[in-house]
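Subject: Structure for you to look at

Hello,

Here is the structure I promised to pass on. Please open it beside this email and follow along.

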Amino acid sequence: MSTVAAVLVGLIALLHVYILVLEMFLWETPRARRAFGTTPEFAAQTRTLAANQGLYNSFLAAGLLWGLVIGSPSVQLFFLICVAVAGLYGAMTANRRILFIQTVPAALAIVAVLLAR
């Protein structure tokens, strides 16, 4: 089960690396606008805000990767809980899809990490 947990944590870290790239570097591209459902005008107006969000996603990814590298379930759980809470908030305030993109995978990884302990 520890391998499953590590793979899930790693995949969630990669997801947040992808999100940070979209938000920090590709925000105004058609790909990011499709992913986030924005218009070119809105993307131009919110470029700085999106980059800030991307930076926060980089911290989530870094924390998850750090937890994997040092082999610490506690660190992994902390950052997975942060991801799950951010996903819940995003689902309530921005788009319900975030629940399935962030929160559900984080919850599955939390269960896997706890079972692997």
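Start with α1 and α5, which are oblique to each other. Their axes are 11 Å apart and pack at an angle of about 50°. An angle between 35 and 65 degrees falls in the oblique class, so this pair belongs there. The crossing of α1 and α5 is left-handed. On the α1 side, the contact is made by Val9, Ile12 and His16. On the α5 side, Gln76, Leu80 and Val83 take part. By class, the residues of this contact are four nonpolar, two polar and no charged.

One caution before you go on: this is a predicted model.

Helix α1 covers residues 2-24, which makes 23 residues. From first C-alpha to last, α1 reaches 32 Å. That is close to the 33 Å expected at 1.5 Å a residue.

Which residues of α1 are buried? They are Ala5, Val9, Gly10, Ile12, Ala13, His16, Ile19, Leu20, Leu22 and Glu23. Their cover includes α2 (30-36), α4 (47-70), α5 (73-93) and α6 (97-116).

Now turn to α1 and α6. Their axes come within 8 Å and cross at roughly 150°. Angles over 145 degrees count as roughly antiparallel. The two helices α1 and α6 are therefore roughly antiparallel to each other. Where they pass, the crossing is left-handed. From α1, the residues in this contact are Ser2, Ala5, Leu8, Val9, Ile12, Leu15 and His16. They meet Ile101, Gln102, Pro105, Ala106, Leu108, Ala109, Ala112, Val113 and Ala116 in α6. The contact of α1 with α6 has 13 nonpolar residues, three polar ones and no charged ones.

Helix α5 has 21 residues, which should span 30 Å at 1.5 Å a residue. The end C-alpha atoms of α5 are 30 Å apart, so the span agrees.

Buried residues in α5 are Val75, Gln76, Leu77, Phe79, Leu80, Val83, Ala84, Gly87, Gly90 and Ala91. What covers them includes α1, α4 and α6.

How do α5 and α6 lie, and at what angle do they cross? Their axes cross at roughly 155° and come within 8 Å. This pair, α5 and α6, is therefore roughly antiparallel. Here too you will find a left-handed crossing, as α5 passes α6. The α5 residues in the contact include Pro73, Leu77, Ile81, Ala84, Leu88 and Ala91. Among the α6 residues they meet are Ile98, Thr103, Ala106, Ile110 and Leu114. The contact of α5 with α6 divides into 16 nonpolar, five polar and no charged residues.

**Helix α4**

The 24 residues of α4 should span 34 Å at 1.5 Å a residue. Its end C-alpha atoms are 34 Å apart, so α4 agrees with that value. The buried residues of α4 are Ala50, Gly54, Asn57, Ser58, Leu60, Ala61, Gly63, Leu64 and Gly67. Their cover includes α1 and α5. Just after α4 comes Gly71, with a positive phi of about 65°.

First, click on Ala50, which lies in helix α4. Is Ala50 buried or exposed? Its relative accessible area is 2%, and under 20% counts as buried, so Ala50 is buried. Leaving out residues up to four places away in sequence, Ala50 touches Glu23, Met24 and Trp27. Ala50 and Trp27 are 23 residues apart along the chain. Their C-alpha atoms are separated by 7.0 Å.

Then click on Glu41, which lies in helix α3 (residues 40-45). Glu41 has 54% relative accessibility, so it counts as exposed. Glu41 and Leu68 are 27 residues apart along the chain. Their C-alpha atoms are separated by 39 Å.

For Ala50 and Trp27, 23 residues along the chain go with 7.0 Å. For Glu41 and Leu68, 27 residues along the chain go with 39 Å.

Best wishes

Methods. Residues are numbered from 1 along each chain as its sequence is written. This is a predicted model: local features need pLDDT of at least 70, side-chain atom pairs count only at pLDDT 80 or more; totals for chains, interfaces and linings use all residues. Side-chain values use heavy atoms; hydrogens and water are left out. Helices (H or I, at least four residues) and strands (E, at least two) are DSSP runs, numbered from the N terminus. The expected span of a helix is 1.5 Å times one less than its number of residues. Buried means under 20% relative accessible area, exposed over 50%, partly exposed in between (1.4 Å probe, protein chains only). Contact means heavy atoms within 4.5 Å. Axes are lines fitted to C-alpha atoms, for helices over the stretch in contact, and angles run from 0 to 180 degrees between N-to-C directions. Angles under 35 degrees count as roughly parallel, over 145 as roughly antiparallel, 65 to 115 as roughly perpendicular and the rest as oblique. A crossing is left-handed if the near helix is turned anticlockwise from the far one by less than a right angle, and right-handed if clockwise. Ala, Val, Leu, Ile, Met, Phe, Trp, Tyr, Cys and Pro count as nonpolar, Asp, Glu, Lys and Arg as charged, and the others, Gly among them, as polar.
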